[in-house]
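Here is a friendly walk through a structure, one topic at a time. Keep the viewer open as you read.

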Amino acid sequence: MQIPVGVKVVALALATMGAYSWFANSIPQIESKPPQDLSLEGNVPPAQLVKAGEAIFHTKGSCETCHKIGEKGMRAPDLGGVGARSGKRKPGMSAKQYLIESLLQPAAYVVEGYPPIMPEVDKPPIGLNRSELWAMVAFLESLGGTVDVTLDDIPATAGAAAGGGGGGGAAAAVKMPGDVNAGKTVFTGKAVCGACHTINGVSQGKVGPDLTQIAKIQAPDYIMKKVLDPAGMGTVSGFPAGVMPKDFGARLTAKEYTDLVAFLLTLK
Amino acid sequence: MKSGAAARPGAWAALLLVAFSIALAAVPAGAEEAAKETVYRNFPLIGSRLVVWAVAQLHLNFAAFILGVPVFAVIIEVVGWRTRDAKYDWLAHEFVKLVFAAFSTTALLGALLLFLFVGFYPKFWAFMTNIFFTTYWIYALLFFAETFTVYLWYYGWAWLSGPRKWIHVGLGVLSNLFGITILFIANSWLTFMMSPSGITEAGQLKGGVWAAVANPTWMPLNVHRLIANLVFGGTIAAAYAAFRFLNAKTDEERALYDWMGYIGNFVALSAFMVLPFAGYWLGREIYAFNQTMGITMMGGFMSWLWIIQAILIGVLFLGSNYYLWLGMERIPGSERYRKYVPYMLALLSLGFMVWATPHSLILTLDEARAMGGTHHPFLGFFGVMSAKNTAVNLMILTTFLSYVLYRRANRLSLKPWVLTGMAVQWAAFAVAAGIVVFYGVYGYFVESIVRIGFSVYQVGAVLGAIALVMTIDIPMFKGARSTGAIRWGQIPARSQYVLILLAVTFTWLMGLMGFARSGIRQYWHVYGVLRDTSVDAVTPALGYAANIITLVTIGFFALVMFIFWLGGLPEKGAAMEGGHGHAPVPVIAGGSDESS
């Protein structure tokens, strides 16, 4: 019995595509997941900072695409021992100053023999925020050096354009129209934020992160969204997830919400 | 007692107060609603991304076909017009008939894609509209213009023949101009998503829309897609001819569709040889725009995609050459060139193996220890760009050589300078191959930034050789003596399955490259500007992508077969009535002295 041409043609097409699919399924399967934003606040122990920085190195920072640790990279220098080495790179510049400059202005000093291809990591598409930059510097310092970076070492403007919400990042400085004093009242009163959060001289809650310097650590965009959608903005490292109420958008009036954010933005 | 008029202002004030109180009470809901701005909607069962992916790929497949085929159809029509050879006019009409059948499906899929974007990605669509609204109008108007021109071109074939043929050819040219402009506009949207330009950090246009249109990857992608459309159009038309050949009942019919398949493959192969160069340009611009994106594309999670691509392109090279070699069997006089086939096959196979060699392997610790690292001690040398660029350039040269031999298979040049001409041609091949190999080896000894520049010399050498060889070949074989007519229709049936294999492979390759272009944006709708915050923000692994590409490609071919069947119904009706379509079917069986 002769097989019809149509059947043969279909069989050939299916076998061809099946073979391509089979091969594609037989090689390593790697997904590219969107990175989680990290938020570190208050007194973070160096070990926690370094661990967070290492995670960023492998994920959101995309650093290991070019850099290796303990192995010479083709596109970028080996970062093994960079914590000890970076204090000697530029005269008069400490290790952490050099590392911060390398992350924020990579073109300022390019290691000999490598092309100037490193992006500014606080800008999109990588877009590390201040907390993440802090952790990253701590991790790099830990590679042969001493971890002494503090949040204050990271420039206040760093990470301001990290967003990518269709309007770039949030502006570095946003002036909210709300009443700061009324917002403080909302914080301690109707919203009961003080029960969980510490703000020096205002409240002493320990369930959530210390907010004494929240406006210094986080962009206004993050703060505004965090109040309305706490789960959607991620959980601060070291604190339990799902504790912060999700209904502030319904419980607070627009004025109360604006006042509360205006108050939080003064915490620097 | 107060008068009604006096009481009324009080009532109004009370009403206003109540309204204000209600408004204030409603404000919290307003704050909550603001936080719940509709950014995405979910398509039932399979999710929004998958449905957009499938429809976009289908739309692009059809669009590539209807934009690619008219380019060579009009050239073939011009050849028929100037040489007064009716068979070219028939062929051009056959090609346009296929386009015509696929035209409305392309438009329907485009409209469906638009609805999907508006409905399921409203924030993204609003963002794009803010920037590209002006171009929407131009696009729509051009689409009208192209539709009417193609309709006139197709339906006016008999009406605008004879002394009015120039008007008809003009319509073909015009429809191509409209089509190419439409392609360029659509490309500006998607290249903007890859390499946005002309906007502020807040995502607003800085000046005119042109700055966003002319973004860094726009022109390279325009060129790349234009060439790829030609290849795609050629392979699909050739596959259609192959199907008709295999189902042919008479020798005449077989001869006709053998010839049509050959022309389709010739178009595809000619464009395919320059496609990698356009790909280099696009890749270089991606690197120049953003190193992170470039490195993610070639060295990040997508690095294995290029191994699959190498296999597909290897199949295309081997298939195209095999078809030419089989085709030589129906050309008397080609025997003298068949001795070269094993060497060309060896070179192509070697190039294929080098190109498909991965740079590094993902291994277990024990495997890595056994091998001495993630790079194989010997094969690892072939997994780098120096080796791969050398391999692909040599494969292009070999394929070109196959074509040159096919072209002269039944011809003997009578020119007195034939020996010199041939010597220069062989020297051009040798010099080009030498340059390619030299820079391939030298690339191992220099920094990557220097090595990248070497590919330009390699490409230049190959293109230069192609140009020089053809410049000599055309006059050298003009008026050549024939060693026998090509026996159209007497090619082995397996050659037709090769044409179908090429069409399937190239369609699948287009799907893969679409995934690559879209996937390198990772979790960004617009790279670095508008982030993908949907549940589908993860870029899937290659296996999943391949399964989707296969399913959509099956869908595409099912639709194509249905549409071509529909398009052929009038012809069947005409045949039953004893007539034919718009153009008379030429008789090709019995031989032709031409090889192209």
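## Where the chains meet

How many residues does the contact take from chain A, and how many from chain B? This is a predicted model, and in it the contact takes 46 residues from chain A and 57 residues from chain B. On the side of chain A that touches chain B, the elements giving two or more residues are helix 1 (5–26), helix 9 (248–251) and helix 10 (254–264) of chain A. Helix 1 of chain A gives the most to that side, with 11 residues.

What is the make-up by class of the side of chain A that touches chain B? That side has 26 nonpolar, 15 polar and five charged residues.

## Chain B in outline

Chain B has 596 residues, and 43% of them count as buried. Its secondary structure comes to 18 helices and four strands. Take the contacts in chain B with a separation of 6 or more: residues 24 or more positions apart account for 82% of them.

## The nonpolar cores

Which residues have the most contacts inside the largest nonpolar core? They are B:Phe95 and B:Ile500, and the core has 161 residues. The element that gives the most to this core is helix 2 (residues 48–83) of chain B, with 18 residues. Another core, of 55 residues, lies apart from it; A:Phe187, A:Leu228, A:Phe263 and A:Leu265 are among its members. As general background, nonpolar side chains tend to be buried together in soluble globular proteins.

Once its neighbours within four places in sequence are left aside, B:Phe95 is in contact with B:Val69, B:Ala73, B:Ile76 and B:Ala237.

## Two helix pairs

Two packed helices are described by the angle between their axes and the distance between the axes. In chain B, helix 3 (residues 86–120) and helix 4 (residues 122–155) pack at an angle of about 160 degrees, and their axes are 12 Å apart. Helix 3 of chain B and helix 4 of chain B are therefore roughly antiparallel to each other, and helix 3 passes helix 4 in a left-handed crossing. On the helix 3 side of chain B, the contact is made by B:Val96, B:Val99, B:Phe100, B:Phe103, B:Phe117 and B:Val118. Helix 4 of chain B brings B:Pro122, B:Trp125, B:Val150, B:Trp153 and B:Tyr154 to the contact. By class, the residues of this contact between helix 3 and helix 4 of chain B are 11 nonpolar, no polar and no charged.

In chain A, the axes of helix 8 (residues 220–228) and helix 10 come within 10 Å and cross at roughly 135 degrees. That makes helix 8 of chain A oblique to helix 10 of chain A, and their crossing is right-handed. The contact joins A:Ile223, A:Met224 and A:Val227 of helix 8 of chain A with A:Tyr257, A:Leu260, A:Val261 and A:Leu264 of helix 10 of chain A. The residues of this contact of helix 8 with helix 10 of chain A divide into seven nonpolar, no polar and no charged.

## Backbone details worth a look

Most residues other than glycine have a negative phi, and most peptide bonds are trans. Against that background, a cis peptide bond joins A:Pro124 and A:Pro125, with omega at about 10 degrees. A:Pro125 has its place in the loop between helix 4 (95–104) and helix 5 (130–142) of chain A.

Two residues have positive phi without being glycine. A:Val192, with phi near 55 degrees, is found in the loop between helix 6 (180–188) and strand 1 (198–199) of chain A. B:Gln522 has a phi of about 50 degrees and is found in the loop between helix 17 (493–519) and strand 3 (524–526) of chain B. Which of the burial classes does B:Gln522 fall into, buried or exposed? B:Gln522 is buried, because 24 other C-beta atoms lie within 10 Å, whereas A:Val192 is partly exposed, with 15 other C-beta atoms within 10 Å.

## A stop at B:Lys165

B:Lys165 is in helix 5 (residues 165–194) of chain B. With 17 C-beta neighbours inside 10 Å, B:Lys165 counts as partly exposed. Leaving aside neighbours within four places in sequence, B:Lys165 is in contact with B:Trp81 and B:Leu160. From C-alpha to C-alpha, B:Lys165 and B:Val535 are 56 Å apart in space, and in sequence they are 370 residues apart.

Technical notes: Residues numbered from 1 in each chain as written. Chains lettered and ligands numbered in written order. Predicted model: local features only at pLDDT ≥ 70, side-chain atom pairs only at ≥ 80, totals over all residues. Core = buried A, V, L, I, M, F, W, Y, C linked by C-beta atoms within 7 Å. Buried ≥ 20, exposed ≤ 12 C-beta atoms within 10 Å, placed from the backbone. Contact = placed C-beta atoms within 7 Å. Axes fitted to C-alpha atoms, helices over the stretch in contact; angles between N-to-C directions. Parallel < 35°, antiparallel > 145°, perpendicular 65-115°, else oblique. Left-handed = near helix turned anticlockwise from the far one by under 90°. Nonpolar A, V, L, I, M, F, W, Y, C, P; charged D, E, K, R; others polar.
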